[in-house]
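Me: I have a model open and want to learn how to read it. Can we go feature by feature?

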Amino acid sequence: MEKSAVLTTKLFAITISILSFVNTALAFDGGSTDPKPQPTLCDELILPAGYPCSEYVVQTKDGFLLGLQRVSSSSSARIKNGRERGPPVLLLHGLFMAGDAWFLNTPEQSLGFILADHGFDVWVGNVRGTRWSHGHISLSEKNKNFWDWSWQELALYDLAEMINYINSVTNSKLFVVGHSQGTIISFAAFTQPEIVEKVEAAALLSPISYLDHVSAPLVQRMVKMHLDQVFLVAFYYFSQLKSIFNMKMIAGFIQMIVTMGVHQLNFKSEWGASLLVSLCDTRLSCSDMLSSITGKNCCFNESRVAYYLEQEPHPSSSKNLNHLFQMIRKGTFSKYDYGKLKNLIEYGNFKPPKFDLSRIPKSLPLWMAYGGNDALADITDFQHTLKELPSTPEVVYLENYGHVDFILSLQAKQDLYDPIISFFKSMGKFSSI
């Protein structure tokens, strides 16, 4: 068989594997077309399950319009004129996900529904760029400045404004639940006194602040290549399949992309499979793409993957991913590193300032759960986080859990959600219901 035919066959096989199993191909979409109108999260997942749900829009200080959903118990008799709600709890999703992540299983298995049924006033956060948020007051998604942010802005602007808004509406401190990226932004935000003073307690699933021991093979490969190199190799393989470009043309095109900036990362882009093919070779099996990214997950229902993919993944920014890669390379939990000159302009120092975990108040109750098979929230990094915190959090260790199990495991209710509810109720905030 000719080399080109072998390559084509290999590409086709891997692409089919990706599409049929996990479809979490990293790709980019420059925002050249307007997004199709989407139904609301309330309409899509929550109201059909029989739970009252309201939509809110919150504006950040830098002009982004974030979607917030408020979910009540399916037993409408619990709430009369909004006077008998339980304490508010804000749910914060992970990278390339959004608020729908908390409602993807049945009402008996999904944390968002379970919290509502236990009387909590459930608020669902959606950070900028996700499909359930609402853009910007002046910037189009086609504008590169719309995507000029990382998790740093998600912590200091998005999460800060969500907390302020919920606090103003409920006149109450709130509980926070975060998963993955939701824990990164929580840790960073909790170092800021004006934010953390409005938080009663937090439960963090797959908690991340340090990332230098990430063991996920695909993530390690991407980190070593840098984003511009990833795109170059991806286009090379795509050109071999399509027989359209030569290397000189590709190099010029990639240089143009790098110069102009690739700003939006969209897992549902048509380029997705081609990019992952460029990252996978004989040294990295792509037959189980999800495990290559998250570690082996023990307990979610693989037969529901197609249903999960109706909602996931959501877009994010290339700057956000690059910020995470910086953390992996440097072993730091710091603001975005622009390089010495721009750092001096932005921060007044050659190095970006660290988020100091010791500034999180010792009085803030923390509950954390981590997994033995989690290739992103590594055990060593988790222990590093614990050493820097001034408090001693309650900790749950689940040996067989991977990164995705914490939101999709069929056993999560007994393993995680019931203990979280007990932890929150121990704060004594349920006296009125």
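This is a predicted model: local features need pLDDT of at least 70, side-chain atom pairs count only at pLDDT 80 or more; totals for chains, interfaces and linings use all residues.

Me: How do I read burial for the chain, and what percentage of the residues count as buried?

Reply: Buried means under 20% relative accessible area. By that cut-off, 54% of the 433 residues are buried. Now look at the surface.

Me: Contacts next. What percentage join residues at least 24 apart?

Reply: Start with contacts between residues at least 6 apart in sequence. Of these, 78% join residues at least 24 apart.

Me: Now helix packing. At what angle do α4 and α5 pack, and which residues meet?

Reply: Look at the angle and the axis distance together. Helix α4 covers residues 151–170 and helix α5 covers residues 181–190. They pack at about 65°, and their axes are 9 Å apart. The crossing is right-handed. On the α4 side, the residues are Trp151, Leu154, Ala155 and Leu159. They meet Gln181, Ile184, Ile185, Ser186, Ala188 and Ala189 of α5. Sorted by type, the contact has eight nonpolar residues, two polar and no charged.

Me: How do I check a helix's length? What should α17 span?

Reply: Helix α17 (residues 412–425) has 14 residues, so at 1.5 Å a residue it should span 20 Å. Its end C-alpha atoms are 18 Å apart, which agrees. Burial can be read along the helix too. Ala412, Leu416, Tyr417, Ile420, Ile421, Phe423 and Phe424 are buried in α17.

Me: And α13: what does its length come to, and how many of its residues are buried?

Reply: Helix α13 (residues 318–330) has 13 residues. It reaches 18 Å from first C-alpha to last, close to the 18 Å expected. Eleven of the 13 are buried, so α13 is largely enclosed by the rest of the structure. After α13 comes Gly331, with a positive phi near 65°.

Me: Where does Phe96 lie, and is it buried or exposed?

Reply: Phe96 is in the loop between β3 (88–92) and α3 (111–117). Its phi is positive, about 60°, although Phe96 is not a glycine. Phe96 counts as buried because its relative accessibility is 9%, under the 20% cut-off.

Me: What about Ser206: what is its phi, and where is it found?

Reply: Ser206 also has a positive phi, near 50°. It sits in the loop between β6 (199–205) and α7 (217–225). Its relative accessible area is 0%, so Ser206 is buried.

Me: Which residues does the cis peptide bond join?

Reply: It joins Glu312 and Pro313, with omega about -10°. Pro313 lies in the loop between α12 (305–311) and β8 (316–317).

Me: Now side chains in loops. Is Lys61 buried or exposed, and what is it in contact with?

Reply: Compare accessibility with contacts. Lys61 is in the loop between β1 (53–59) and β2 (65–71). At 73% relative accessibility, Lys61 counts as exposed. Leaving aside neighbours within four places in sequence, Lys61 is in contact with Tyr157 and Glu161. Lys61 and Tyr157 are 96 residues apart in sequence, yet 6.5 Å apart C-alpha to C-alpha.

Me: How does Lys173 read?

Reply: Lys173 lies in the loop between α4 and β5 (174–179). Its relative accessible area is 41%, so Lys173 is partly exposed. Beyond neighbours within four places, its contacts are Pro88, Asn167, Glu197, Lys198, Val199 and Glu200. Lys198 is 25 residues away in sequence, and the C-alpha atoms of the pair are 4.9 Å apart.

Me: One from a strand. Is Gln264 buried or exposed?

Reply: Gln264 is in strand β7 (residues 264–265). At 5% relative accessibility, Gln264 counts as buried. Its C-alpha is 9.2 Å from that of Lys142, 122 residues apart along the chain.

Note on methods. Residues are numbered from 1 along each chain as its sequence is written. Side-chain values use heavy atoms; hydrogens and water are left out. Axes are lines fitted to C-alpha atoms, for helices over the stretch in contact, and angles run from 0 to 180 degrees between N-to-C directions. Helices (H or I, at least four residues) and strands (E, at least two) are DSSP runs, numbered from the N terminus. A crossing is left-handed if the near helix is turned anticlockwise from the far one by less than a right angle, and right-handed if clockwise. Contact means heavy atoms within 4.5 Å. Ala, Val, Leu, Ile, Met, Phe, Trp, Tyr, Cys and Pro count as nonpolar, Asp, Glu, Lys and Arg as charged, and the others, Gly among them, as polar. Buried means under 20% relative accessible area, exposed over 50%, partly exposed in between (1.4 Å probe, protein chains only). The expected span of a helix is 1.5 Å times one less than its number of residues.
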